[in-house]
Protein chains: 2
Amino acid sequence: MSAQTGASSRRTTYTPDSLLEVAVAVFNERGYDGTSMEDLARAAGITKSSIYHHVKGKEELLTRGVNRALDALNASLDALDTLEPLPDAGELDRVEQAVFRAVQILVEELPYVTLLLRVRGNTEAERAAQARRREIDRRLAGFVERAATAGVLRADLDPHLASRLVFGMVNSVVEWYRPGPGRWSADDVASAVTHLVFDGLRRR
Amino acid sequence: MSAQTGASSRRTTYTPDSLLEVAVAVFNERGYDGTSMEDLARAAGITKSSIYHHVKGKEELLTRGVNRALDALNASLDALDTLEPLPDAGELDRVEQAVFRAVQILVEELPYVTLLLRVRGNTEAERAAQARRREIDRRLAGFVERAATAGVLRADLDPHLASRLVFGMVNSVVEWYRPGPGRWSADDVASAVTHLVFDGLRRR
DNA sequence: GAGTAAACCGAACGGTCGGTCGGTTCCAGG
DNA sequence: CCTGGAACCGACCGACCGTTCGGTTTACTC
């Protein structure tokens, strides 16, 4: 929240990152296009022109925000890739891990992932973010496909379709999850998603 | 696409509804706030000022769009309500029907539901749409909760959480589904979602 | 306390926004 | 052929957009 410069103590001044935190919160509330620099200034408690002391402009705030989410997601996928090669049965574990970790990151980086998932593609920067996101989706779908090939998934579900649905469920968490004491933890949600996805809702 | 006035035949003129179709498509591509009246005019092949001959303004196009989705969803829920009372085992069927029908409507009214799901709440009209949507979510969650009380759902999943996740998966379909020959039909998707939700991904 | 650089501000810029207004074109009914 | 209304257009409006710029305040060093 508050941001000090280096070791010394100015009262409360902004760094690009601490300003980003405020900006992303407003973006998620009003939508990127629906947010004016005046809105950001008001939320940050400084004037419009002061924002330009910290960042180049509105678009930089968007790029920084979505890249933070993309970097976190990519790092998690890299970790899962190092697990290979795996015996057939292990491919199911990898998908399970992918789902679980995806929910965890989504919750850890909630505002940034939320922003990413809502990018529309009106500018070049937004299209670049969408492209990076599609690459992530492709890697996730790859895990599911390999599990299907290994024969550890139900055969009556198209792996591509299943992948879209599963990670659609994962991503939908940003629409309602809010952290806080007495609420669900990240692991609560991650484990609920994982169980639901793999074993379904029906009592057996 | 083309719109005739009543019984007679002008070449291609717009009605409020046929203009809405164009507008909603553009809204979904660029986002509501990211769409200018000039954008709409270009897409419709008429000038900005001509749009105001058919509708009051930009906000009316939004309201008409989201209400079309809301009315369709509500009508479907009303049909499910008339099924009661049901024996315990039937409560599972009701949830299954709710999921299946939700996907069907989402696909049938894809552009309008897409628009609805992206409404942010910046204006009074948008907040009204959000309120109507929350009411629908509540009714759907009610079905899940009754099934849980009837003991036909897994006991280790919080019904509220499960409901959010299931309908999060349902709603995520708007992010990627596109109709067309040689692609998945609405029922393909609806049945995949239903099977996945109730029986999971794991091979048995 | 003078000097410095970061942090911030007020006023203004050109441009675009949603919306208005006074027409003109088109076409069916008489 | 004339008329009336629906459909449409070009020009324009005030407001607000993201951004810029010259200047002031603040906090810290020497």
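The model is predicted: local features need pLDDT of at least 70, side-chain atom pairs count only at pLDDT 80 or more, and totals for chains, interfaces and linings use all residues. Residues are numbered from 1 along each chain as its sequence is written, while chains are lettered from A and ligands numbered from 1 in the order in which they are written.

Let's start with chain A. Helices here are DSSP runs of H or I with at least four residues, strands are runs of E with at least two, and both are numbered from the N terminus. Chain A has nine helices and zero strands. A few overall values follow.

| Property of chain A | Value |
|---|---|
| Span of the C-alpha trace along its principal axes | about 60 × 40 × 35 Å |
| Buried share of the 204 residues | 34% |
| Share of contacts with a separation of 6 or more that join residues 24 or more positions apart | 67% |

A residue is buried if 20 or more other C-beta atoms lie within 10 Å of its own, exposed if 12 or fewer, and partly exposed in between, with C-beta atoms placed from the backbone. Two residues are in contact if their C-beta atoms, placed in that way, lie within 7 Å.

Now to helix H5 of chain B, residues 88-108. Buried residues of H5(B) include Glu91(B), Val99(B), Val103(B) and Leu106(B). The buried residues of this helix pack against H4 (58-81), H6 (110-117), H7 (124-149), H8 and H9 of chain B.

A nonpolar core is a set of buried Ala, Val, Leu, Ile, Met, Phe, Trp, Tyr and Cys residues joined through C-beta atoms within 7 Å. The largest has 107 residues, and Val103, Val170 and Val193 of chains A and B have the most contacts inside it. Leaving aside residues up to four places away in sequence, Val170(A) touches Val99(A), Ala102(A), Val103(A), Leu106(A) and Val193(A).

Finally, the two chains meet through 34 residues from chain B and 34 residues from chain A. On the chain B side, H8 (159-172) and H9 (186-199) each supply at least two residues, and H8(B) gives the most, with nine. A rotation of 180° with 0.0 Å of shift along its axis superposes chain B on chain A, with RMSD 0.0 Å, by least squares on C-alpha atoms of residues with pLDDT of at least 70 in both. That is the relation of a two-fold axis.
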